[in-house]
Amino acid sequence: LHVAVYAALSVDFCGCCCFHLRFSSRLSWLVLARCAAVLGKAEGKGEQWHGHVTAVSVAPEERYGGLARKLMKKLEDISEYTYNGYFVDLFVRSSNEVAIEMYRRFEYVVYKRVLEYYADNEDAFDMRKALPRDVDKKSVIPLPNPVHVSDLEFN
């Protein structure tokens, strides 16, 4: 696997450095802070072009201090200003009430339930936040029925 640093942004107010990494035809980036990180990528086609949160991690001793919000905001800004996405999405275990509530505070909504998404067959919620490019907020209108993991398209 060939990995090249695509660009580096300056350090911002929360001490985060952002790196854009190119993996084959996909664009991914990593936002780092002292005790936290968020990993994301740009993917999709047409009105499904979006930023995807692959992972968010904050050290236990640093939780509830606003660091996750700052990292997510940085990822949302990259999705909007660098990649001109329509929305940002993420998958979260349906049982992870703490994370779901956090994402709701960050203005994410449950777009769909994905049945048997995880290896232990637990369901996931696909949560989304519309970006300004999605003027009509079509990307966050919840689907009426759950989908099975086998029905998902992976780019």
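User: On what basis are residues and values reported here?
Analyst: Residues are numbered from 1 along each chain as its sequence is written, and side-chain values use heavy atoms, with hydrogens and water left out. The model is predicted: local features need pLDDT of at least 70, side-chain atom pairs count only at pLDDT 80 or more, and totals for chains, interfaces and linings use all residues.

User: In what order do the elements of the chain run?
Analyst: Helices (H or I, at least four residues) and strands (E, at least two) are DSSP runs, numbered from the N terminus. The chain has two helices and nine strands. From the N terminus on, the order is β-β-β-β-β-α-β-α-β-β-β.

User: What percentage of the residues in the chain is buried?
Analyst: Buried means under 20% relative accessible area, exposed over 50%, and partly exposed in between, with a 1.4 Å probe and protein chains only. The chain has 155 residues, and the buried ones make up 43%.

User: What part of the contacts with a separation of 6 or more joins residues 24 or more positions apart?
Analyst: A contact means heavy atoms within 4.5 Å. Among contacts in the chain with a separation of 6 or more, the part from residues 24 or more positions apart is 50%.

User: Is β8 buried on one face or on both?
Analyst: Seven of the seven residues of β8 are buried. A124, D126, R128 and A130 lie on one side, and F125, M127 and K129 on the other. The buried residues therefore cover both faces.

User: What is the relative accessible area of M127?
Analyst: M127 lies in strand β8. Leaving aside neighbours within four places in sequence, its contacts include V88, L90, V92, I100, Y103, Y108 and V110. F91 is 36 residues away in sequence, yet the C-alpha to C-alpha distance to M127 is 6.2 Å. M127 is buried, and its relative accessible area is 0%.

User: At what angle do the ring planes of Y103 and Y108 stand?
Analyst: Rings of Phe, Tyr and Trp (its six-membered ring) pair if their centres lie within 6.5 Å; planes under 30 degrees apart count as stacked, over 60 as edge-to-face and the rest as tilted. Y103 and F106 form an edge-to-face pair at 6.5 Å centre to centre, with 75° between the planes. Y103 and Y108 are both buried. Their ring centres are 6.1 Å apart, and the pair is edge-to-face because the planes stand at 65°.

User: Over the face of which ring does R128 lie?
Analyst: A charge sits over a ring if NZ of Lys or CZ of Arg is within 6 Å of the ring centre and within 35 degrees of the ring normal. R93 lies over Y118 at 4.2 Å from the ring centre. R128 lies 3.6 Å from the ring centre of Y111.

User: Which residue in the hairpin of β4 and β5 takes a positive phi?
Analyst: β4 and β5 run antiparallel and are joined by eight bridges, with V38 opposite V56. Six residues lie between the strands, and the one with a positive phi, near 100°, is G44.

Definitions and conventions
Pairing = 2+ DSSP bridges.
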